[in-house]
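Here is a short report on a single chain.

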Amino acid sequence: FDLVLLDCQMPELSGPSAARMIRLVENEGERTHGVCILLHSASAEGIDLNAVGANGFVPKPFTIDRWKEVLA
């Protein structure tokens, strides 16, 4: 995959936790280039994008135009 979109408050595994796991797998050499990870949520409180390995954050509510802007 080239892009992963993760909600920060998923029911069984949070988006930030999933992002950390993806980066761990990449660091073990199973991936030759880093996938772009974008988080989205209604609240950005307490999210350190660098600490979890995410490339960006899009707050809810969002529009298609906002997603296009972020992806560009």
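## Strand pairing

Strand E1 (residues 3-7) pairs with E2 in the parallel sense, over five bridges. The model is predicted. E2 also has a link to strand E3 (residues 56-59): four bridges join the two, and they run parallel.

His 40 ties these pairings together at the residue level. In E2, His 40 is the bridge partner of Asp 7. His 40 also stands opposite Val 58 in E3. In a regular strand, side chains alternate between the two faces of the sheet.

## Burial of E2

How many of the six residues of strand E2 are buried? Five of the six, across residues 36-41, so E2 is largely enclosed by the rest of the structure. Here buried means under 20% relative accessible area. Over the whole chain of 72 residues, 32% count as buried.

## Fold and dimensions

The chain has three helices and three strands. Read from the N terminus, the order of elements is β-α-β-α-β-α. The radius of gyration is 12 Å, close to the 11 Å that the globule rule gives for 72 residues, so the chain is as compact as a globular protein of that length.

Along the principal axes, the C-alpha atoms fill a box of roughly 35 × 25 × 20 Å. Take the contacts between residues at least 6 apart in sequence: 43% of them join residues at least 24 apart.

## Surface and charge

The accessible surface of the chain comes to about 5,000 Å². Carbon and sulfur atoms account for 55% of that surface.

The chain carries 6 positive and 10 negative charges. How far apart are the mean positions of the positive and negative charges? They are 4 Å apart.

## Met 10 in the loop

Met 10 is found in the loop between E1 and helix H1 (15-30). Is Met 10 buried or partly exposed? Its relative accessibility is 29%, so Met 10 counts as partly exposed. The partly exposed class lies between the buried limit of 20% and the exposed limit of 50%.

Which residues does Met 10 contact, leaving aside its neighbours within four places in sequence? Met 10 is in contact with Gly 15 and Ala 18. Met 10 and Val 52 are 42 residues apart in sequence. In space, C-alpha to C-alpha, Met 10 and Val 52 are 15 Å apart.

Definitions and conventions:
Residues numbered from 1 in each chain as written. Predicted model: local features only at pLDDT ≥ 70, side-chain atom pairs only at ≥ 80, totals over all residues. Heavy atoms only, no water. Rg over C-alpha atoms; globule rule 2.2 N^0.38 Å. Buried < 20%, exposed > 50% of the residue type's maximum accessible area, 1.4 Å probe, protein only. Contact = heavy atoms within 4.5 Å. Areas by Shrake-Rupley, 256 points an atom, 1.4 Å probe, with all protein chains shown as cover. Lys, Arg positive; Asp, Glu negative; His and termini not counted. Charge placed at Lys NZ, Arg CZ, Asp CG, Glu CD. Pairing = 2+ DSSP bridges.
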